[in-house]
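Subject: The two-chain model, with notes

Hi there,

Here is the structure I promised to pass on. Please have it open while you read, as my notes go through it piece by piece.

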Protein chains: 2
Amino acid sequence: MAKGKVIRIEPIGIVRNDFEEKVPEGYENLPSEIVLRKGFSDALHRIEENSHIIVLFWMDRVEGKRRKKLKIHPKGRKDLPLIGVLATRTPYRPNPIGVRVVRLLMKKKNLLIVEGLDALNNSPVLDIKPYSLKHDLVKNAKVPSWATHLSNKEE
Amino acid sequence: MAKGKVIRIEPIGIVRNDFEEKVPEGYENLPSEIVLRKGFSDALHRIEENSHIIVLFWMDRVEGKRRKKLKIHPKGRKDLPLIGVLATRTPYRPNPIGVRVVRLLMKKKNLLIVEGLDALNNSPVLDIKPYSLKHDLVKNAKVPSWATHLSNKEE
């Protein structure tokens, strides 16, 4: 396959939180706001009936050269094997799109307050989806032993 | 928030299957190929240690006017309430990015064979991530009653 056509995506909103340079430890319990562009309030109608949503965001602070690496040691840990970036959750990937399941705490018009988002302040939001028990919950998924090893940290 | 800056994303690969106009019933058990661009084979190193991966793809057959609607009846069913598009999994959303957890059947160089992808033939692939038991598995998620109602269909 040759080089693909470029896709142009206009963000639907933006993340607001205190994470300026890096996502802090314990982000799982920290709140972020998602501010959608004016006019998108109706697209959130009844989203508050979900306890969890999936946020797709663009990790715009990942520099170009960090998107070129094909293999990494997960979390930079040399004791773990070299793994292809697409087989890890590293932000340093060809297209740094974050996908994170977060707890939805509150909705007000075009504003969501969520908990557990690992996005930096001002990250563009590309899409929001409700968490689906049918599609997203895979209880019997098998993961590599290195990922289990990191079980209490982020892969 | 004003209109956002446009983000330019170059696909990392493409979907190959027999789904030309619509995703067929029973796609959950049908295979698709994902062909990554030459040079990306190393980025898949050891991905085969995962039973499930998350595929992000661009639903390029969704026309512009279908991306403008803010509320829909899920699955076009008038007996279900009007819901904001971002609170459903409809492809008809402002940024039609598909996110699907699929079973990984085989890897060979820059080719993956997966099962359960609801993408049309030739859809551009934006990213691939391993399914994470830590991040993606939310056993206690609460979903709306209309979604439970559709439990054996796609929301």
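Predicted model: local features only at pLDDT ≥ 70, side-chain atom pairs only at ≥ 80, totals over all residues.

**How the two chains meet**

Let me start with the interface. On the chain A side, 79 residues are in contact with 79 residues of chain B. The size of an interface is often given as the accessible area lost when the parts come together. For chain A and chain B, the buried area is about 7500 Å², and carbon and sulfur atoms give 60% of it.

Between chain A and chain B, 34 residue pairs are in polar contact, counting pairs with both residues at pLDDT 80 or more. Which parts of chain A supply the side that touches chain B? Strands β1 (7-9), β2 (13-16), β3 (31-36), β4 (52-58), β6 (83-84), β7 (97-108) and β9 (124-130) of chain A each supply at least two residues. The largest share comes from β9(A), with six residues. Sorted by class, the side of chain A that touches chain B has 41 nonpolar, 15 polar and 23 charged residues.

The chains also pair through their strands. β1(A) and β1 of chain B (residues 7-9) run antiparallel and are joined by three bridges.

**Salt bridges between the chains**

Over all chains the structure holds 22 salt bridges, and the rule finds six across the interface of chain A and chain B.

- R93(B) and D127(A) meet through their side chains, at 2.9 Å from N to O.
- R89(B) bridges to D136(A), with the closest N and O atoms 2.7 Å apart. R89(B) sits in the loop between β6 (83-84) and β7 (97-108) of chain B, while D136(A) sits in the loop between β9 and α1 of chain A. Both R89(B) and D136(A) are buried.
- E28(B) and K134(A) meet at 3.4 Å, N to O. This pair runs from the loop between β2 (13-16) and β3 (31-36) of chain B to the loop between β9 and α1 of chain A. E28(B) is partly exposed, at 34% relative accessible area, and K134(A) is also partly exposed, at 30%.

D79(A) counts as exposed because its relative accessible area is 54%, whereas R77(A), at 25%, is partly exposed.

Where does K129(B) sit? Its place is in strand β9 (residues 124-130) of chain B. Is K129(B) buried or exposed? With a relative accessible area of 2%, K129(B) is buried.

Its side chain has partners in both chains. In chain A, the side chain of K129(B) reaches the backbone oxygen of I97(A) at 2.7 Å. In chain B, the side chain of K129(B) makes a polar contact with the side chain of D127(B), at 2.9 Å. A network of salt bridges links K129(B) with D127(B) and R93(A). Leaving aside neighbours within four places in sequence, K129(B) is in contact with L86(A), R89(A), R93(A), I97(A) and V99(A) from chain A, and with I53(B) and I54(B) from chain B.

R100(A) is part of strand β7 of chain A. It counts as buried because its relative accessibility is 5%. The side chain of R100(A) makes a polar contact across to chain B, with the side chain of H135(B) at 3.2 Å.

L150(A) lies in the segment after α1 (145-149) of chain A. L150(A) is buried, with a relative accessible area of 1%. L150(A) and I72(A) are 78 residues apart along the chain, and their C-alpha atoms are separated by 15 Å.

Best wishes

Methods:
Residues numbered from 1 in each chain as written. Chains lettered and ligands numbered in written order. Heavy atoms only, no water. Contact = heavy atoms within 4.5 Å. Buried area = accessible area lost by both parts, 1.4 Å probe. Salt bridge = Lys/Arg side-chain N within 4 Å of Asp/Glu carboxyl O. Polar contact = N/O pair within 3.5 Å; in protein donor to acceptor, adjacent residues only side chain to side chain. Helix = DSSP H or I, 4+ residues; strand = E, 2+ residues; numbered from the N terminus. Nonpolar A, V, L, I, M, F, W, Y, C, P; charged D, E, K, R; others polar. Pairing = 2+ DSSP bridges. Buried < 20%, exposed > 50% of the residue type's maximum accessible area, 1.4 Å probe, protein only.
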